[in-house]
Amino acid sequence: MKDFEDREQRTAALKGLGCSRKRVEDARFTQGKGNYIDDVTLPGMLFGDFVRSPHAHARIKSIDTEAAMKVPGVVAVLTAADLEPLGLHWMPTLAGDKQMVLADGKVLFQGQEVAYVVAEDRYAAADGVEAVEVEYEDLEVITDPFKSLESDVVLREDLEAGADGAHGPRRHHNHIFLWEEGDKDATAQAIGEAEVVAEEMVYYHRTHPCPLETCGCVASMDKINGKLTLWGTFQAPHVVRTVASLLSGIEEHNIRVISPDIGGGFGNKVGVYPGYICSIVASIVTGKPVKWVEDRMDNLMSTAFARDYWMKGKIAATKEGKITALDCHVTADHGAFDACADPTKFPAGFFHICTGSYDIPAAYVGVDGVYTNKAPGGVAYRCSFRVTEAAYFIERMIEILAIELGMDAAELRRINFIKPEQFPYTSALGWEYDSGDYHTAWDKALKAVDYDGLRREQAERVEAFRRGETRKLLGIGLTHFTEIVGAGPVKNCDILGMGMFDSCEIRIHPTGSAIARLGTISQGQGHATTFAQILASEVGLPADSITIEEGDTDTAPYGLGTYGSRSTPVAGAATAMAGRKIRAKAQMIAAYLLEVHDDDVEWDVDRFVVKGAPERFKTMKDVAYAAYNQPIPGVEPGLEAVSYYDPPNMTYPFGAYICVMEIDVDTGEWEVRQFYALDDCGTRINPMVIEGQVHGGLTEALAIAMGQEIAYDKIGNVKTGTLMDFFLPTTWETPNYTSDYTETPSPHHPIGAKGVGESPNVGGVPAFSNAVHDAFRAFGLRQSHMPHDHWRIWKTANNLGLHG
Amino acid sequence: MIPGAFEYYRPQSVPEAVSLLGTHGDDARVVAGGHSLIPMMKLRMADVPHLIDLQGLSDLSGISVEDGQVRLGALVTQSEIVSSDALAQAAPILRETAMLIADPQVRNMGTVGGNVANGDPGNDMPALMQCLDAEFDLVGPGGARAVKARDFYIAAYMTEREDDEILTGMRFAVQTGGWAYEKQKRKIGDYATAAAAVQLTKEGGKVATAAIAMTNLSDVPAFSEAAGAALIGTDCDDAAIKAAVDAMQGDIEPSEDNRGPVEFKRHVAGVMLSRAVKRAWSRA
């Protein structure tokens, strides 16, 4: 018993896996002492700002920069003509397309970058922008992807007619690709033979990650030593370095990319934007550092949007509700350039996870990418690549099938879940789900909210509504989602040819503290807290004695960055593996110090003990000191390790969410009465950080489902370019959440962790949306489109004849 | 979101401020809390070469309740309205309304004078002042004059205030009876989708007086005399409320925006008014 208590105490002292350790980052963030991109100030620094197109589609007849150059403080005005000799007026996108850095002959979306003004201060830059005169000739604007595929208007005149794109044949001048997965014929046959088929168009509207900190950079070219330093809001600093090298011709060792503190990314800061290129060029031209930081309108109008998927689904089942097939055709609005941030071989990301948590024998997915006069992007907004779209699609189709079958949607899910004994499970669309126990999670969730009681209450409410005693309806939104995160295995996942491994390098210091550097970069996820916990458990040093450093490409090992919930599945695994290398060397040192054979010591929390003689031990701290201070035969001095981890598979976190929502039929106002979120992210590193991630992700999901959108009018004007119209919830709009968990470790991850940061967005959106739909199910609603803002909910009620 | 260059003035007296306005004419604008003008300047939608800050004018501050009259200085902030117990006694509808304006940070800066003077149809105080039958005090080169809130608004951002005049404050009678300000908005910080201000009195179980005005449902605040008249003499039953709502519909002219189409706004206007009347009646 004493040994047990001793071990417990030593384990607790490490603050390792499972500990709700307070976030070490928060001391500076909560005191306003973070160091964000706009805090970076260098001597002689200049400021850049863009002239942006007011038109969605127009020919540029002329650009006159003369007046702008006369504005006091303006140093330079760059246009496409200035960048062309450098070959930088266009840039490659992550999706295999190319994008104008500055408008080359025409503009293709409102807010597009037309000219870049460089000035001695931020005000002069803005004055210069106002003084640039651009003459436009309006062209016909296309904002509808369906019309785009039938239009004679050629949006991308730079692309050769009839030539293949990066992902195969293009069947129309505004078509980007058709990407298919699954067995089309078998799926069609199963649907043809099915007893019940439900068919519906499910639209996931265009929205935007809108991180609190917008995108920006500071480029500083040192002409003396030829080195370029680029500070920026980069979710993948190493990738930016490689791309910057390939584009500029500057050798990669002469480029240093630094991501300082980042105020949220959510996918918005994965891509490369014209502002980065222009700032680099401006610094090279002027020999001075150049800062560019977007304002909120720039960010919402021009940097990467998310979603905009029109998903036409067919789901087939037996009369008893066993699903037999799923078919989905997506019309994907990519905007003016295909700038999706997906692994290169996956132009629709991992959308083919759309069979969700269900055992569906036949499935087919086809995705048509289309150009329109909207901003480019298509990033994974707090989700793995196109996984929220997939989860929303299947969770809506399940609800619609339940209506078609006259079944309870919870029961329909249960009878179709992949069973625990089927894991590892290979889906009809080719994914190998690593582990899961959906039934246990589902039962726990239903019991926690008293699901049967809620349904009784809902039925009573409907009766009371019909009797005229209330004008409020009750919706019960169900979701069981399965994510696919942790991209990914190098054999099939790369970005611009770079395999999606990640890395960790550890140095143990002589006195038993350590620094670990990773290829990822926190944007608020709390890596400095949680990665130290992984390492603490692996090497037996307290997390409080471990510094985590990320974001400086001169010091951190190469990695693919932080997005798609990949940090814990990939870099977290690298951290554990590097820690194990440390321990392997430490074991030899400990055995030498204890004068026994290597195999005669065993690891015990924070020390090596002689087997059978626990009073004889050396702690990791003892070993670290010895590693630097005494000669050990056959062993190099020092205690360091590096691991580059290529994951054998993705991880598949899952969860069961239930939303209970009150809806005012007369005003369209809604109130979330209860939200229960059960997440299974495998091994839990820090429960408090997980809970924080879940709360944040659910709040973004609430925003998306209930009001947040990037909307355009018919001539391509952005209608939601400010936070007045773009819904970003405050504490006032944010409901209380109850979080819960089950723990089904990943069998292939070194510590069994799966990643959690994006699950609540993936599962939250369908839970909120299903609650709205469910409230009106008794009155015949089958499908309505998000976002469910007041007027759209009111319209739904109005269409159903609920306003008398 | 970077404004152009401007000259900044901080006059210490109303005559000095009026004189500055006279000197610079169309090129000058006054600023109090800055919550309408500064964003417009940052967007470069308002070009203001001469910005005259009124915060130095102590005459324009303060809340007084005397002899059955309430006076609000133009520089009184929404927070001061919320925290004034005297005002909560004299005209409790002001606190109820101010609490529905944005968030504490905005309420700490935003002033009642700026709110009513700017002529933004989204602002809440103009309809409220019409409901209370307030008078606005204006001072210009020719001296002082008063204009009734119900006569003040011409069109969006166009009011009876001349370019060289400053709105120094507003006055209205101490209120009796029931009150309510009912507002639907998409989120904190948003303008109203629709809002209704109701102030009524009760005698012998019947409505004796009723004043009704609506926010953000036309290009000006919409005082609806007909809606009030529909309630007078009734016991505020469902039929009377319906009549008031129907009458109000004739006095609004909503336009479509991101908050929704016209038919939705009209519907919500009716719901807001109906709820406001019921609550006011319950307090009468």
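With 804 residues, chain A would have a radius of gyration near 28 Å if it formed a compact globule, and its value of 28 Å agrees with this. The model is predicted. Along the principal axes, the C-alpha trace of chain A spans about 85 × 75 × 50 Å. Chain A holds 20 helices and 33 strands. Buried residues account for 57% of its 804 residues. Among contacts in chain A with a separation of 6 or more, 79% join residues 24 or more positions apart.

One position in chain A was examined in detail. A:Ser357 sits in the loop between strand 16 (323-335) and strand 17 (362-371) of chain A. This serine has 26 other C-beta atoms within 10 Å, and because a residue counts as buried at 20 or more, A:Ser357 is buried. A:Asp333 lies 24 residues from A:Ser357 in sequence. In space, the two are 27 Å apart, C-alpha to C-alpha.

For its 284 residues, a compact globule would have a radius of gyration near 19 Å; the value for chain B is 19 Å, which agrees. Its C-alpha atoms fill a box of roughly 55 × 45 × 35 Å along the principal axes. The chain contains 12 helices and 14 strands. Of the 284 residues in chain B, 50% are buried. Residues 24 or more positions apart supply 64% of the contacts in chain B with a separation of 6 or more.

Chain B is divided into three parts: domain 1 (7-54), domain 2 (61-173) and domain 3 (192-283). The centres of domain 1 and domain 3 of chain B, taken over C-alpha atoms, are separated by 36 Å.

An open sheet of 5 strands was found in chain B. Its strand order is 4-5-10-6-7, and the pairing is antiparallel. Strand 4 (63-66) and strand 7 (143-148) of chain B form the edges, each pairing on one side only. On average, neighbouring strands of this sheet are turned by 20° against each other, direction ignored. B:Ile63 has B:Leu72, in strand 5 of chain B, as its bridge partner. Helix 1 (residues 14-24) of chain B lies across strand 6 (135-140) and strand 10 (166-173) of chain B. The helix runs at about 125° to strand 10 of chain B.

The two chains touch each other. The contact takes 24 residues from chain A and 18 residues from chain B. On the side of chain B, the largest share comes from helix 12 (residues 262-283), with 4 residues. By class, this side of chain B has 7 nonpolar, 6 polar and 5 charged residues.

Terms used
Residues numbered from 1 in each chain as written. Chains lettered and ligands numbered in written order. Predicted model: local features only at pLDDT ≥ 70, side-chain atom pairs only at ≥ 80, totals over all residues. Pairing = 2+ DSSP bridges. Helix = DSSP H or I, 4+ residues; strand = E, 2+ residues; numbered from the N terminus. Axes fitted to C-alpha atoms, helices over the stretch in contact; angles between N-to-C directions. Contact = placed C-beta atoms within 7 Å. Nonpolar A, V, L, I, M, F, W, Y, C, P; charged D, E, K, R; others polar. Rg over C-alpha atoms; globule rule 2.2 N^0.38 Å. Buried ≥ 20, exposed ≤ 12 C-beta atoms within 10 Å, placed from the backbone. Domains from an automatic or database assignment.
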